[in-house]
Amino acid sequence: MDFSLFFPAGKEHTAAKLSDESINDLSIDFIVEALSSARYEREQLRGLMTDITGDAEVIRYRCDIFDDFLRLPQLRDSMGQLVIKLKDLMDLERFQKDKEGPVLWSLINRLREIDTYVQCITDLKTTLETLDVRSSGMKELLQIVTDISRESGFDELKADIDETLEKAAKLKSITIGVNLDDLLRPKNAGIVSLNDTEFTNSGLMRRFMDFTKNKSELHSGADTTSMHFHPASPVSTSSAKFGTVAQNAATGDIHIELSNVTGGDPLSNAIKKPVTEIMRRTVNEIKSTLKRYVNISGYSLTTLMPEILFYTRWAELVEKIIATGMPMCKPDVLDTEKRELHFKDIYNLKLAINKAGGEDIDIVTNDIDFDDRYRIFILTGPNRGGKTIFTQAIGLAVLMAQWGIYVPAGAAQISPCDNIFTHFPADENDTVDLGRLGEESQRLSGIFQLATRDSMLLLNESLATTSVAEGLFIAKDVVKAMRYLGCRTVFNTHMHDLARSLEELNSVGGDSRVESLVTGVHDGQRSFKVAIIPPQGTSYAKDIALKYGVTFDIIKKNIDDKAE
């Protein structure tokens with residue numbers, strides 16, 4: 001079964017990898033922890049969330065599936081139960097790889113696993129049949145499980161498994177008969193009966209004593225009722241027994257381990273081989289029966305577990321965010337060639353997660369468009385004015401849309417990016433060898449070696465660790481290169497002169513125009529709103545100085561007040 005809830009039929013299962021820097025700068029691990037508290041689930045989710053596809057058809061396919069998960073709580077509940085069962089079935093793949101049969105009781109455990117698999121298919125089929133699923137992916141999944149159920153003889157298989165398990169529950173001991181040759185060597189052996197009562201030590205001793213007192217040397221006929229053997233009990237050393245059935249941990253082979261009662265005598269040595277072979281043959285025969293019923297390829301259903309988990313956990317989180325009153329929307333996916341992004345009332349997902357967790361936060365939303373008018377924004381504004389929050393919000397919104405998840409915005413249209421590259425301040429420990437400016441320049445160079453016109457670049461206070469003149473010189477060339485490349489960019493910076501150089505920056509060839517974007521002031525008041533206006537320059541410094549009381553007049557007044 002070559003089916004995926006992430007890729008439609010006929011699409012190659014490929015995606016670009018986010019860089020370690022992008023994973024860190026976009027706080028992927030923080031989001032993963034918000035999705036699940038279970039370590040195993042977080043590992044599965046992170047693996048999917050560090051991939052990004054730029055295929056518009058794939059993204060639309062995912063968006064429609066997620067819409068089903070969000071719209072139908074019952075689907076999420078059923079899929080949540082299915083995930084638990086599928087996790088238990090991850091080991092079933094070895095069923096078709098086993099060459100040597102396991103011991104009988106191991107087979108019974110396998111029967112229980114297959115029974116669970118049948119339940120998974122049956123429950124999934126029932127769920128999808130009864131719910132109003134609309135996405136092509138979920139409809140295709142319904143058809144697949146219907147075909148598996150019909151073609152694999154599930155009714156007969158279920159009946160056989162139930163009967164076998166019922167009998168197995170009653171099995172307490174096995175009676176084995178051994179034929180001897182003229183030299184009293186075992187020549188063949190067979191299972192005489194499966195018993196619903198356990199062998200008892202007193203029974204063995206009594207029968208042994210009766211046999212030794214009997215005047216007849218041989219019983220007449222095959223008195224199978226007098227033949228009993230103690231079931232294998234590796235933890236018991238005090239009971240008299242023929243031997244124990246054991247399995248080699250490395251090879252899976254079954255053999256009889258002799259007890260300290262029988263020792264290594266020729267009779268015991270001769271018997272253990274045919275008994276071992278009987279056990280193996282019996283197991284293989286039952287396995288062959290199972291394979292006639294079960295469509296082994298159906299076990300690849302377990303590969304859907306991470307994808308089901310992904311949609312379920314994201315639907316739960318999105319529902320919590322919507323409950324706080326914040327907007328979440330299904331993105332409208334445009335053609336990649338347009339290289340456009342349109343967001344109305346966009347905000348940072350991390351703030352929404354904190355709000356859904358109980359924090360009292362007033363979240364400010366913004367509108368932004370990337371299109372033929374401008375695709376590169378030089379974002380300036382005061383300290384703590386929301387520049388980093390806004391920059392990150394753009395990256396997360398694009399990433400979520402391309403995962404197929406609802407976007408933290410009132411409305412969203414996106415042309416997919418082939419990757420998202422970030423350039424945020426590095427840890428001081430990572431800049432010892434090259435120095436901060438050298439390290440930043442090296443990372444920028446590496447980004448340009450990978451980025452294309454379909455990429456998104458997010459720069460946060462880049463090149464701010466050197467002198468203003470040096471930083472501005474490099475920054476201008478970087479922005480010109482972005483325009484020439486044609487990518488979409490938010491360059492968050494304190495270099496106001498960079499935002500004042502629009503004419504120079506737009507003078508080079510390219511079709512991604514550069515524009516000034518300002519955050520922190522709206523209608524003359526401080527806010528986290530963004531606006532396409534020229535940089536405000538020193539007015540921000542004055543605003544910050546007044547806020548924190550570091551103007552000459554305020555400091556002088558404080559000094560005079562203390563002197564009084």
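Trainee: At what angle do helix 5 and helix 11 pack, and how far apart are their axes?

Mentor: Bearing in mind that this is a predicted model, helix 5, which covers residues 73-88, packs against helix 11, residues 305-323, at an angle of about 145°, and the two axes lie 10 Å apart. The crossing in which helix 5 passes helix 11 is left-handed.

Trainee: Which residues make the contact of helix 5 with helix 11?

Mentor: On the side of helix 5 the contact is made by R76, M79, L82, V83, L86 and K87, while helix 11 brings in M305, I308, L309, T312, A315, E316 and E319.

Trainee: How many aromatic pairs does the structure hold, and what describes a pair of aromatic rings?

Mentor: A pair of aromatic rings is described by how far apart the centres are and by the angle of the planes. The structure holds 10 aromatic pairs, and one of them joins F69 and Y311, which are stacked with 5.4 Å from centre to centre and 25° between the planes. Because F69 belongs to helix 4 (residues 56-71) and Y311 to helix 11, this pair ties together parts that are 242 residues apart in sequence.

Trainee: Are F69 and Y311 buried or exposed, and which residues form the aromatic cluster that includes them?

Mentor: F69 and Y311 are both buried, and they form one aromatic cluster together with F6, F310, W314 and W403.

Trainee: Where do the charged ends of R62 and K350 sit?

Mentor: For R62, the charged end sits over the ring of F7, at 5.0 Å from the ring centre. For K350, the charged end sits over the ring of F30, at 5.6 Å from the ring centre.

Trainee: What is the phi of S27, and where is the place of this residue?

Mentor: S27 is a residue other than glycine with a positive phi, near 55°, and its place is in the loop between helix 1 (20-25) and helix 2 (28-35). Its relative accessibility is 13%, so S27 counts as buried, the cut-off being under 20%.

Trainee: What is the phi of D345, and in which strand does D345 lie?

Mentor: Although D345 is not a glycine, its phi is positive at about 60°, and the residue lies in strand 8, residues 341-346. With a relative accessibility of 26%, D345 counts as partly exposed.

Trainee: How far apart are S445 and V478 in sequence and in space?

Mentor: S445, which is found in helix 14 (residues 435-450), is 33 residues from V478 in sequence and 9.4 Å from it in space, C-alpha to C-alpha. At 39% relative accessibility, S445 counts as partly exposed.

How values were computed. Residues are numbered from 1 along each chain as its sequence is written. This is a predicted model: local features need pLDDT of at least 70, side-chain atom pairs count only at pLDDT 80 or more; totals for chains, interfaces and linings use all residues. Side-chain values use heavy atoms; hydrogens and water are left out. Axes are lines fitted to C-alpha atoms, for helices over the stretch in contact, and angles run from 0 to 180 degrees between N-to-C directions. Helices (H or I, at least four residues) and strands (E, at least two) are DSSP runs, numbered from the N terminus. A crossing is left-handed if the near helix is turned anticlockwise from the far one by less than a right angle, and right-handed if clockwise. Contact means heavy atoms within 4.5 Å. Rings of Phe, Tyr and Trp (its six-membered ring) pair if their centres lie within 6.5 Å; planes under 30 degrees apart count as stacked, over 60 as edge-to-face and the rest as tilted. Buried means under 20% relative accessible area, exposed over 50%, partly exposed in between (1.4 Å probe, protein chains only). A charge sits over a ring if NZ of Lys or CZ of Arg is within 6 Å of the ring centre and within 35 degrees of the ring normal.
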